[in-house]
Structures are given as C-alpha cells and as structure tokens.
Amino acid sequence: QVQLQESGPGLVQSSQTLFLTCTVSGGSMPSKDYSWTWIRQPAGKGLDWIGSLNYVDTTNYTPSFRSRASMSRHTTKNQFTLQLNSVTPEDTAVYYCALKTWGDIVAMYWGQGTQITVSS
C-alpha cells in the first residue's frame, strides 16, 4: 500500500524555523495529476489547512500561514517538505501530510501525523 510518513524534530524553540518532511513509499508516485497538502491539528481543536503544492508547482496557502509557510516537492526522493518560520507555542500541533491523486488512480492518502511542540 502507498504510505506517507511525516518526519520532524518533535520539539522546537520559539522564534526558530520548523522543517517537516513527508516521504511516500510502497507504491509508484504519479508523474502528473497530484497535489501535496500539509494540515495540522492543535490539541482539542479542529483541523487547520496550511497549504498545498501540485505537480506543476502551483502553491496555495491559507492566508494566516502565507507569510510564514513555504512548501517544496522533491520528486526524485518522493518527498514533500514544509518550512514554517518564526514559530510560537501556538504552532504546537500534530502535523499531517496528504497526497491527492486524480489521474489513473483517484485517491487521498494521509500520513499518521507527527507531534510538534514549540517551547517558550
């Protein structure tokens, strides 16, 4: 099965930059007709859509994240990354990546999430 795995530092200090990586395994990545998405969920709260990046490098960000977030894809390594600058304790959450495909196979794949805690 296609599996997505988030990788992150776990703990990060306030004002620093958070780097997260999502790696896909267990199947073939399509060459087109797909997009990557980062989503987060603070404890006890709902899901926050951070942004997405598609196969032709079109990006979309939620306005509240636009000034601090940056996404990239690394096709040869089957990886998708998130950079989030100037983090604060309000950025503490479980971070998820997701892959949507709409070509030969139509599907939505999610990683299991990685906990990120920002210390003061």
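How much space lies in the largest pocket? In this predicted model, in which local features need pLDDT of at least 70, side-chain atom pairs count only at pLDDT 80 or more, and totals for chains, interfaces and linings use all residues, the largest pocket holds about 270 Å³. Residues are numbered from 1 along each chain as its sequence is written, and side-chain values use heavy atoms, with hydrogens and water left out.

A pocket is here an open set of points, on a 1 Å grid over the protein atoms alone, where a 1.4 Å probe fits and which has protein on both sides within 12 Å along at least five of seven lines; lining residues have an atom within 4 Å of a point. The volume is the space filled by probe spheres set on the points, which are joined across faces, edges and corners. The largest pocket is lined by 15 residues, of which Ser28, Met29, Pro30, Thr101 and Ile105 are the closest to its centre. Its lining comprises 7 nonpolar, 5 polar and 3 charged residues, where Ala, Val, Leu, Ile, Met, Phe, Trp, Tyr, Cys and Pro count as nonpolar, Asp, Glu, Lys and Arg as charged, and the others, Gly among them, as polar.

Aromatic pairs were assigned to rings of Phe, Tyr and Trp (its six-membered ring) with centres within 6.5 Å, planes under 30 degrees apart counting as stacked, over 60 as edge-to-face and the rest as tilted; the count by this rule is 5. The Trp38 and Phe80 rings are stacked, because their centres lie 5.4 Å apart and their planes are at 20°. This pair links strand β4 (residues 34-41), which holds Trp38, to strand β8 (residues 79-84), which holds Phe80, across 42 residues of the chain; strands are DSSP runs (E, at least two residues), numbered from the N terminus. Trp38 has a relative accessible area of 0% and is buried, as is Phe80, also at 0% (buried means under 20%, exposed over 50%, partly exposed in between, with a 1.4 Å probe and protein chains only).

Tyr55 and Trp102 pair edge-to-face, at 6.3 Å centre to centre and 65° between the planes. Tyr55 is partly exposed at 24% relative accessibility, and Trp102 is likewise partly exposed at 39%. Together with Tyr34, these two residues form one aromatic cluster.

An open antiparallel sheet is formed by 4 strands in the order β1-β3-β8-β7, two strands pairing if DSSP finds at least two bridges between them. The antiparallel strands β7 and β8 are joined by 6 bridges, and Ser72 has Thr81 of β8 as its bridge partner.
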